Amino acid sequence: MTTPDHPRCDRLWRNARLMTCVDDGLGLVEDGVVAARDGRIAYAGPASDAPAFNAAETIDCADRWITPGLIDCHTHLIHAGDRAREFEMRLDGATYEEIARAGGGIRSTMAATRAASEADLVATALPRLDALIAGGATTVEVKSGYGLTLDDELKMLRAARALGEARKVRIRTTFLGAHALPPEYADNPDGYIDLICDSMIPAIAGIADAVDAFCEGIGFTAAQTERVFAAAAAHGLPVKLHAEQLSNLHGAALAARYHALSADHLEYLDEAGIAAMARSGTVATLLPGAFYFVRETKLPPIGALRAAGVPIALATDCNPGTSPLTSLLLVMNMGATLFRLTVTECLRGVTVNAARALGLQDETGTLEAGKACDLAIWDVGHPSELVYRMGFNPLHARIWSGL
Ligand code: DI6
Ligand code: FE
(Lines give C-alpha, C1' and ligand atoms only; values in the text may rest on other atoms or scores of the structure.)
(Ligands and ions follow the chains in the order given, each with its own letter.)
Protein backbone atom coordinates (compact mmCIF):
# COMPACT_ATOMS: atom_id res chain seq x y z
CA MET A 1 0.00 0.00 0.00
CA THR A 2 1.37 3.43 -0.91
CA THR A 3 1.37 6.03 1.83
CA PRO A 4 1.95 9.45 0.25
CA ASP A 5 4.02 11.05 3.02
CA HIS A 6 6.52 8.17 3.25
CA PRO A 7 9.76 8.39 1.25
CA ARG A 8 9.72 6.49 -2.02
CA CYS A 9 12.33 3.91 -3.00
CA ASP A 10 12.71 1.58 -5.96
CA ARG A 11 13.87 -1.51 -4.08
CA LEU A 12 14.08 -2.39 -0.43
CA TRP A 13 16.12 -5.31 0.91
CA ARG A 14 14.85 -6.27 4.35
CA ASN A 15 15.50 -8.98 6.90
CA ALA A 16 19.21 -8.72 6.13
CA ARG A 17 22.42 -8.54 8.07
CA LEU A 18 24.79 -5.83 6.86
CA MET A 19 28.53 -5.39 6.63
CA THR A 20 28.58 -1.66 5.96
CA CYS A 21 32.38 -1.02 6.24
CA VAL A 22 31.52 2.44 7.58
CA ASP A 23 34.18 3.88 9.95
CA ASP A 24 37.13 1.69 10.96
CA GLY A 25 35.80 -1.84 11.23
CA LEU A 26 33.23 -3.89 9.37
CA GLY A 27 30.24 -1.89 10.65
CA LEU A 28 28.07 -4.97 11.21
CA VAL A 29 24.30 -4.57 11.59
CA GLU A 30 22.21 -7.54 12.73
CA ASP A 31 18.69 -6.56 11.64
CA GLY A 32 19.28 -4.30 8.66
CA VAL A 33 17.64 -2.87 5.58
CA VAL A 34 19.00 -1.29 2.42
CA ALA A 35 16.86 1.00 0.27
CA ALA A 36 17.77 1.99 -3.30
CA ARG A 37 16.48 5.00 -5.17
CA ASP A 38 17.63 5.97 -8.68
CA GLY A 39 20.55 3.57 -8.44
CA ARG A 40 21.91 4.94 -5.19
CA ILE A 41 21.60 3.90 -1.58
CA ALA A 42 18.81 5.90 0.06
CA TYR A 43 19.28 4.17 3.42
CA ALA A 44 21.46 1.39 4.81
CA GLY A 45 21.37 0.54 8.49
CA PRO A 46 19.31 -0.89 11.32
CA ALA A 47 15.68 -1.64 10.50
CA SER A 48 14.70 0.12 13.72
CA ASP A 49 16.05 3.47 12.43
CA ALA A 50 14.83 3.12 8.85
CA PRO A 51 12.20 5.49 7.47
CA ALA A 52 8.93 3.77 6.49
CA PHE A 53 9.65 3.59 2.76
CA ASN A 54 7.10 3.26 0.00
CA ALA A 55 9.03 0.59 -1.91
CA ALA A 56 8.19 -0.36 -5.48
CA GLU A 57 9.74 -3.77 -4.77
CA THR A 58 10.64 -5.43 -1.46
CA ILE A 59 13.09 -8.32 -1.19
CA ASP A 60 13.20 -10.57 1.87
CA CYS A 61 16.86 -11.51 2.41
CA ALA A 62 16.02 -14.30 4.89
CA ASP A 63 18.86 -13.23 7.22
CA ARG A 64 21.54 -13.33 4.51
CA TRP A 65 24.52 -10.98 4.73
CA ILE A 66 24.74 -7.93 2.46
CA THR A 67 28.19 -6.45 1.86
CA PRO A 68 29.30 -3.69 -0.46
CA GLY A 69 29.83 -5.05 -3.97
CA LEU A 70 33.45 -6.22 -4.16
CA ILE A 71 36.08 -4.14 -5.95
CA ASP A 72 39.07 -5.50 -7.87
CA CYS A 73 41.38 -2.47 -7.93
CA HIS A 74 44.29 -3.99 -9.91
CA THR A 75 43.84 -6.20 -12.98
CA HIS A 76 45.33 -6.76 -16.41
CA LEU A 77 42.07 -8.35 -17.56
CA ILE A 78 42.52 -7.32 -21.20
CA HIS A 79 45.19 -9.46 -22.85
CA ALA A 80 45.44 -12.05 -25.61
CA GLY A 81 46.75 -15.57 -25.23
CA ASP A 82 48.00 -17.26 -22.11
CA ARG A 83 51.35 -18.24 -20.67
CA ALA A 84 50.65 -21.79 -19.57
CA ARG A 85 53.81 -23.04 -21.32
CA GLU A 86 55.88 -20.48 -19.40
CA PHE A 87 54.28 -21.75 -16.22
CA GLU A 88 55.59 -25.20 -17.08
CA MET A 89 59.08 -23.75 -17.66
CA ARG A 90 58.97 -22.16 -14.24
CA LEU A 91 57.99 -25.49 -12.75
CA ASP A 92 61.13 -26.85 -14.38
CA GLY A 93 63.21 -24.24 -12.59
CA ALA A 94 63.31 -21.11 -14.78
CA THR A 95 62.64 -17.84 -12.93
CA TYR A 96 60.17 -15.12 -13.98
CA GLU A 97 63.04 -12.72 -14.59
CA GLU A 98 64.98 -15.27 -16.70
CA ILE A 99 61.93 -15.90 -18.86
CA ALA A 100 61.35 -12.14 -19.22
CA ARG A 101 64.97 -11.51 -20.22
CA ALA A 102 64.78 -14.34 -22.78
CA GLY A 103 61.94 -12.54 -24.60
CA GLY A 104 59.11 -14.39 -22.91
CA GLY A 105 57.04 -12.83 -20.20
CA ILE A 106 55.24 -9.58 -20.78
CA ARG A 107 56.61 -9.30 -24.32
CA SER A 108 55.07 -12.58 -25.47
CA THR A 109 51.67 -11.34 -24.29
CA MET A 110 52.44 -8.06 -26.05
CA ALA A 111 52.90 -9.87 -29.37
CA ALA A 112 49.60 -11.73 -28.96
CA THR A 113 47.78 -8.57 -27.88
CA ARG A 114 49.10 -6.54 -30.81
CA ALA A 115 47.87 -9.25 -33.17
CA ALA A 116 44.37 -9.31 -31.64
CA SER A 117 41.48 -7.10 -32.72
CA GLU A 118 39.59 -4.96 -30.23
CA ALA A 119 36.64 -7.35 -30.51
CA ASP A 120 38.93 -10.34 -29.81
CA LEU A 121 40.28 -8.62 -26.72
CA VAL A 122 36.77 -8.00 -25.42
CA ALA A 123 35.68 -11.56 -26.19
CA THR A 124 38.64 -13.18 -24.43
CA ALA A 125 38.36 -10.90 -21.39
CA LEU A 126 34.63 -11.43 -20.84
CA PRO A 127 34.95 -14.93 -19.29
CA ARG A 128 37.49 -13.52 -16.83
CA LEU A 129 35.21 -10.59 -16.04
CA ASP A 130 32.27 -12.96 -15.65
CA ALA A 131 34.25 -15.00 -13.13
CA LEU A 132 34.96 -11.87 -11.08
CA ILE A 133 31.30 -10.84 -11.29
CA ALA A 134 30.17 -14.32 -10.24
CA GLY A 135 32.24 -13.80 -7.09
CA GLY A 136 30.52 -10.53 -6.20
CA ALA A 137 32.60 -7.89 -8.00
CA THR A 138 30.78 -4.70 -9.02
CA THR A 139 33.84 -2.53 -9.84
CA VAL A 140 36.93 -3.69 -11.74
CA GLU A 141 40.04 -1.75 -12.68
CA VAL A 142 41.61 -2.75 -16.01
CA LYS A 143 45.08 -1.74 -17.17
CA SER A 144 46.56 -1.41 -20.63
CA GLY A 145 50.26 -2.27 -21.01
CA TYR A 146 50.43 -5.16 -23.48
CA GLY A 147 50.15 -2.98 -26.59
CA LEU A 148 53.13 -0.67 -26.11
CA THR A 149 52.34 1.36 -29.24
CA LEU A 150 49.90 4.25 -29.16
CA ASP A 151 47.36 2.42 -31.33
CA ASP A 152 47.60 -0.85 -29.42
CA GLU A 153 47.37 0.84 -26.03
CA LEU A 154 44.30 2.76 -27.22
CA LYS A 155 42.83 -0.52 -28.51
CA MET A 156 43.28 -2.10 -25.08
CA LEU A 157 41.71 0.87 -23.31
CA ARG A 158 38.73 0.89 -25.68
CA ALA A 159 38.31 -2.85 -25.13
CA ALA A 160 38.40 -2.28 -21.37
CA ARG A 161 35.71 0.39 -21.64
CA ALA A 162 33.63 -1.93 -23.80
CA LEU A 163 33.55 -4.46 -20.95
CA GLY A 164 31.58 -1.90 -18.97
CA GLU A 165 29.00 -1.70 -21.76
CA ALA A 166 28.73 -5.48 -22.00
CA ARG A 167 28.10 -6.15 -18.31
CA LYS A 168 26.53 -4.47 -15.28
CA VAL A 169 29.85 -3.42 -13.78
CA ARG A 170 31.86 -0.24 -13.22
CA ILE A 171 35.15 -0.33 -15.14
CA ARG A 172 38.03 1.98 -14.32
CA THR A 173 40.80 2.12 -16.91
CA THR A 174 44.49 2.65 -16.22
CA PHE A 175 47.13 3.43 -18.85
CA LEU A 176 50.21 1.26 -18.26
CA GLY A 177 52.32 2.15 -21.28
CA ALA A 178 55.41 1.93 -19.05
CA HIS A 179 54.89 -1.79 -18.39
CA ALA A 180 57.76 -3.19 -20.48
CA LEU A 181 60.17 -1.89 -23.07
CA PRO A 182 58.82 -2.71 -26.54
CA PRO A 183 61.38 -4.36 -28.87
CA GLU A 184 61.41 -1.33 -31.20
CA TYR A 185 63.00 0.66 -28.40
CA ALA A 186 65.36 -2.04 -27.08
CA ASP A 187 68.36 0.28 -27.45
CA ASN A 188 66.54 3.46 -26.55
CA PRO A 189 64.49 3.19 -23.34
CA ASP A 190 64.43 6.94 -22.84
CA GLY A 191 63.08 7.33 -26.36
CA TYR A 192 60.18 5.11 -25.35
CA ILE A 193 59.58 7.28 -22.29
CA ASP A 194 59.57 10.31 -24.64
CA LEU A 195 56.88 8.58 -26.70
CA ILE A 196 54.82 7.87 -23.58
CA CYS A 197 55.09 11.43 -22.29
CA ASP A 198 54.81 13.35 -25.55
CA SER A 199 52.36 11.24 -27.56
CA MET A 200 50.67 8.53 -25.56
CA ILE A 201 49.59 10.35 -22.40
CA PRO A 202 48.03 13.28 -24.30
CA ALA A 203 46.14 10.77 -26.46
CA ILE A 204 44.87 8.50 -23.67
CA ALA A 205 43.83 11.33 -21.36
CA GLY A 206 40.17 11.03 -22.36
CA ILE A 207 39.93 7.26 -22.10
CA ALA A 208 42.15 6.37 -19.11
CA ASP A 209 41.21 7.22 -15.54
CA ALA A 210 44.77 6.90 -14.19
CA VAL A 211 48.38 6.25 -15.20
CA ASP A 212 50.54 3.40 -13.87
CA ALA A 213 54.12 2.19 -14.46
CA PHE A 214 56.29 -0.84 -13.62
CA CYS A 215 59.24 0.52 -11.64
CA GLU A 216 61.59 -2.44 -11.53
CA GLY A 217 64.91 -3.81 -12.80
CA ILE A 218 63.04 -5.55 -15.63
CA GLY A 219 60.75 -2.52 -16.06
CA PHE A 220 61.63 1.16 -15.75
CA THR A 221 63.93 3.14 -13.46
CA ALA A 222 62.69 5.58 -10.85
CA ALA A 223 63.87 8.50 -13.03
CA GLN A 224 61.91 7.18 -16.02
CA THR A 225 58.88 6.55 -13.82
CA GLU A 226 59.05 10.10 -12.54
CA ARG A 227 58.91 11.47 -16.09
CA VAL A 228 55.75 9.43 -16.71
CA PHE A 229 54.23 10.75 -13.48
CA ALA A 230 55.05 14.35 -14.39
CA ALA A 231 53.35 13.94 -17.77
CA ALA A 232 50.32 12.35 -16.12
CA ALA A 233 50.09 15.21 -13.63
CA ALA A 234 50.31 17.74 -16.48
CA HIS A 235 47.22 16.09 -17.97
CA GLY A 236 45.35 15.96 -14.67
CA LEU A 237 45.57 12.18 -14.40
CA PRO A 238 46.12 10.49 -11.03
CA VAL A 239 48.93 7.95 -10.81
CA LYS A 240 49.50 4.46 -9.36
CA LEU A 241 52.64 2.32 -9.37
CA HIS A 242 53.83 -1.28 -9.53
CA ALA A 243 56.48 -0.77 -6.86
CA GLU A 244 58.93 -2.91 -4.93
CA GLN A 245 57.64 -6.20 -6.36
CA LEU A 246 60.98 -7.90 -7.08
CA SER A 247 63.48 -5.39 -5.65
CA ASN A 248 63.57 -2.00 -3.92
CA LEU A 249 63.92 0.93 -6.33
CA HIS A 250 62.14 3.26 -3.84
CA GLY A 251 59.18 3.50 -6.17
CA ALA A 252 56.58 3.77 -3.40
CA ALA A 253 58.19 6.91 -1.99
CA LEU A 254 58.28 8.39 -5.50
CA ALA A 255 54.62 7.49 -6.00
CA ALA A 256 53.75 9.10 -2.67
CA ARG A 257 55.46 12.34 -3.76
CA TYR A 258 53.04 12.38 -6.70
CA HIS A 259 50.09 11.70 -4.35
CA ALA A 260 49.54 8.33 -5.98
CA LEU A 261 46.19 6.67 -5.39
CA SER A 262 48.04 3.43 -4.64
CA ALA A 263 51.38 1.67 -4.71
CA ASP A 264 50.98 -1.99 -5.55
CA HIS A 265 52.82 -5.28 -4.72
CA LEU A 266 55.33 -3.81 -2.15
CA GLU A 267 57.12 -7.00 -1.06
CA TYR A 268 60.45 -5.09 -0.92
CA LEU A 269 59.01 -1.86 0.55
CA ASP A 270 61.17 -0.20 3.23
CA GLU A 271 60.42 2.04 6.23
CA ALA A 272 60.98 5.27 4.30
CA GLY A 273 58.50 4.13 1.67
CA ILE A 274 55.93 3.26 4.32
CA ALA A 275 56.32 6.66 6.01
CA ALA A 276 55.95 8.44 2.66
CA MET A 277 52.80 6.47 1.83
CA ALA A 278 51.31 7.19 5.24
CA ARG A 279 51.92 10.93 4.76
CA SER A 280 50.35 11.06 1.32
CA GLY A 281 47.42 8.74 2.06
CA THR A 282 48.53 6.36 -0.71
CA VAL A 283 46.82 2.96 -0.47
CA ALA A 284 49.02 -0.17 -0.26
CA THR A 285 47.47 -2.60 -2.75
CA LEU A 286 48.75 -6.08 -1.94
CA LEU A 287 48.55 -8.83 -4.55
CA PRO A 288 48.78 -12.22 -2.84
CA GLY A 289 47.92 -14.08 -6.05
CA ALA A 290 51.17 -12.91 -7.67
CA PHE A 291 53.10 -13.64 -4.46
CA TYR A 292 51.68 -17.16 -4.49
CA PHE A 293 52.08 -17.82 -8.20
CA VAL A 294 55.74 -16.75 -8.48
CA ARG A 295 56.42 -18.48 -5.15
CA GLU A 296 57.79 -15.26 -3.67
CA THR A 297 59.09 -15.72 -0.15
CA LYS A 298 59.62 -12.11 0.92
CA LEU A 299 56.48 -10.88 2.63
CA PRO A 300 55.30 -7.30 2.25
CA PRO A 301 55.91 -5.40 5.53
CA ILE A 302 52.36 -5.89 6.81
CA GLY A 303 53.01 -5.06 10.47
CA ALA A 304 54.77 -1.83 9.62
CA LEU A 305 52.07 -0.79 7.13
CA ARG A 306 49.45 -1.49 9.76
CA ALA A 307 51.36 0.40 12.45
CA ALA A 308 51.77 3.41 10.14
CA GLY A 309 48.04 3.44 9.37
CA VAL A 310 48.49 2.92 5.62
CA PRO A 311 45.17 1.68 4.17
CA ILE A 312 45.57 -1.82 2.71
CA ALA A 313 43.69 -3.03 -0.37
CA LEU A 314 43.78 -6.49 -1.93
CA ALA A 315 43.36 -7.28 -5.63
CA THR A 316 43.72 -10.17 -8.06
CA ASP A 317 46.40 -8.62 -10.35
CA CYS A 318 44.69 -10.92 -12.91
CA ASN A 319 47.34 -11.29 -15.62
CA PRO A 320 48.65 -14.16 -17.74
CA GLY A 321 52.18 -14.18 -16.35
CA THR A 322 52.19 -13.88 -12.59
CA SER A 323 48.58 -14.14 -11.40
CA PRO A 324 46.02 -15.91 -13.61
CA LEU A 325 43.46 -15.41 -10.87
CA THR A 326 39.83 -14.30 -11.11
CA SER A 327 38.43 -14.65 -7.58
CA LEU A 328 38.39 -11.92 -4.96
CA LEU A 329 37.17 -14.52 -2.46
CA LEU A 330 40.37 -16.51 -2.97
CA VAL A 331 42.39 -13.28 -2.82
CA MET A 332 40.97 -12.64 0.65
CA ASN A 333 41.83 -16.15 1.77
CA MET A 334 45.38 -15.71 0.45
CA GLY A 335 45.62 -12.30 2.14
CA ALA A 336 44.82 -13.94 5.44
CA THR A 337 46.84 -17.13 5.02
CA LEU A 338 49.92 -15.86 3.16
CA PHE A 339 50.08 -12.29 4.51
CA ARG A 340 48.51 -12.85 7.94
CA LEU A 341 45.97 -10.08 7.39
CA THR A 342 43.00 -10.09 9.74
CA VAL A 343 39.53 -10.98 8.48
CA THR A 344 38.56 -7.32 8.85
CA GLU A 345 41.59 -6.20 6.83
CA CYS A 346 40.80 -8.69 4.08
CA LEU A 347 37.16 -7.64 3.82
CA ARG A 348 37.98 -3.92 3.90
CA GLY A 349 40.75 -4.61 1.38
CA VAL A 350 38.29 -5.60 -1.36
CA THR A 351 35.66 -2.98 -0.47
CA VAL A 352 36.29 0.40 1.14
CA ASN A 353 40.08 0.48 0.71
CA ALA A 354 39.90 -0.84 -2.86
CA ALA A 355 37.48 2.00 -3.65
CA ARG A 356 40.00 4.46 -2.28
CA ALA A 357 42.78 2.88 -4.39
CA LEU A 358 40.69 3.90 -7.41
CA GLY A 359 39.69 7.34 -6.12
CA LEU A 360 36.11 6.05 -5.86
CA GLN A 361 35.67 6.45 -2.10
CA ASP A 362 32.72 8.80 -2.57
CA GLU A 363 31.06 6.50 -5.09
CA THR A 364 31.23 2.91 -3.82
CA GLY A 365 32.89 0.55 -1.32
CA THR A 366 30.60 0.99 1.70
CA LEU A 367 26.90 0.65 2.44
CA GLU A 368 26.10 4.32 3.00
CA ALA A 369 23.34 6.64 1.87
CA GLY A 370 24.37 8.55 -1.25
CA LYS A 371 26.72 5.93 -2.67
CA ALA A 372 25.95 3.78 -5.68
CA CYS A 373 23.78 0.83 -4.68
CA ASP A 374 26.43 -1.86 -5.30
CA LEU A 375 25.62 -4.90 -3.19
CA ALA A 376 26.73 -8.49 -2.80
CA ILE A 377 24.28 -10.76 -0.97
CA TRP A 378 25.81 -13.89 0.52
CA ASP A 379 24.58 -17.22 1.85
CA VAL A 380 26.92 -17.24 4.85
CA GLY A 381 26.51 -17.27 8.61
CA HIS A 382 29.07 -14.50 9.11
CA PRO A 383 31.28 -12.38 6.80
CA SER A 384 34.40 -14.17 8.12
CA GLU A 385 33.22 -17.19 6.10
CA LEU A 386 33.96 -15.21 2.92
CA VAL A 387 37.64 -15.18 3.91
CA TYR A 388 37.75 -18.66 5.37
CA ARG A 389 36.54 -20.89 2.55
CA MET A 390 38.73 -21.85 -0.41
CA GLY A 391 37.25 -22.33 -3.85
CA PHE A 392 33.67 -22.05 -2.66
CA ASN A 393 31.36 -19.28 -3.79
CA PRO A 394 28.39 -18.45 -1.56
CA LEU A 395 27.15 -15.47 -3.63
CA HIS A 396 23.35 -15.38 -3.60
CA ALA A 397 22.79 -12.19 -5.61
CA ARG A 398 24.66 -9.17 -6.83
CA ILE A 399 23.30 -5.69 -7.43
CA TRP A 400 25.11 -3.01 -9.43
CA SER A 401 23.89 0.58 -9.26
CA GLY A 402 20.57 -0.63 -7.91
CA LEU A 403 20.05 -3.02 -10.84
N1 DI6 B 1 53.90 -6.98 -12.40
C2 DI6 B 1 53.20 -8.09 -12.50
O3 DI6 B 1 53.06 -8.92 -11.64
C4 DI6 B 1 52.55 -8.11 -13.81
N5 DI6 B 1 52.94 -6.87 -14.36
C6 DI6 B 1 53.75 -6.26 -13.53
O7 DI6 B 1 54.23 -5.17 -13.78
C8 DI6 B 1 53.02 -9.25 -14.65
C9 DI6 B 1 52.54 -9.11 -16.03
C10 DI6 B 1 52.95 -10.28 -16.90
O11 DI6 B 1 53.84 -11.07 -16.56
O12 DI6 B 1 52.35 -10.39 -18.00
FE1 FE C 1 49.98 -5.84 -12.08
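In this structure, a polar side-chain atom of Arg-83 sits 2.6 Å from an oxygen atom of ligand 1, a polar contact (a pair of N or O atoms within 3.5 Å). Welcome to a predicted model, where local features need pLDDT of at least 70 and side-chain atom pairs count only at pLDDT 80 or more. Residues are numbered from 1 along each chain as its sequence is written.

**Around ligand 1**
- His-179 places a side-chain N or O atom 2.8 Å from a nitrogen atom of ligand 1.
- Asp-317 has a polar side-chain atom 3.3 Å from an oxygen atom of the ligand.
- The protein covers 100% of the 320 Å² of accessible area that ligand 1 has on its own (Shrake-Rupley method, 1.4 Å probe).

**Helices α6 and α7**
- The axes of α6 (residues 189–204) and α7 (residues 222–234) come within 9 Å and cross at roughly 10°; axes are lines fitted to C-alpha atoms, over the stretch in contact, and helices are DSSP runs (H or I) of at least four residues.
- These two helices are therefore roughly parallel to each other (angles under 35 degrees).

Terms used:
Chains lettered and ligands numbered in written order. Heavy atoms only, no water. Axes fitted to C-alpha atoms, helices over the stretch in contact; angles between N-to-C directions. Parallel < 35°, antiparallel > 145°, perpendicular 65-115°, else oblique. Polar contact = N/O pair within 3.5 Å; in protein donor to acceptor, adjacent residues only side chain to side chain.
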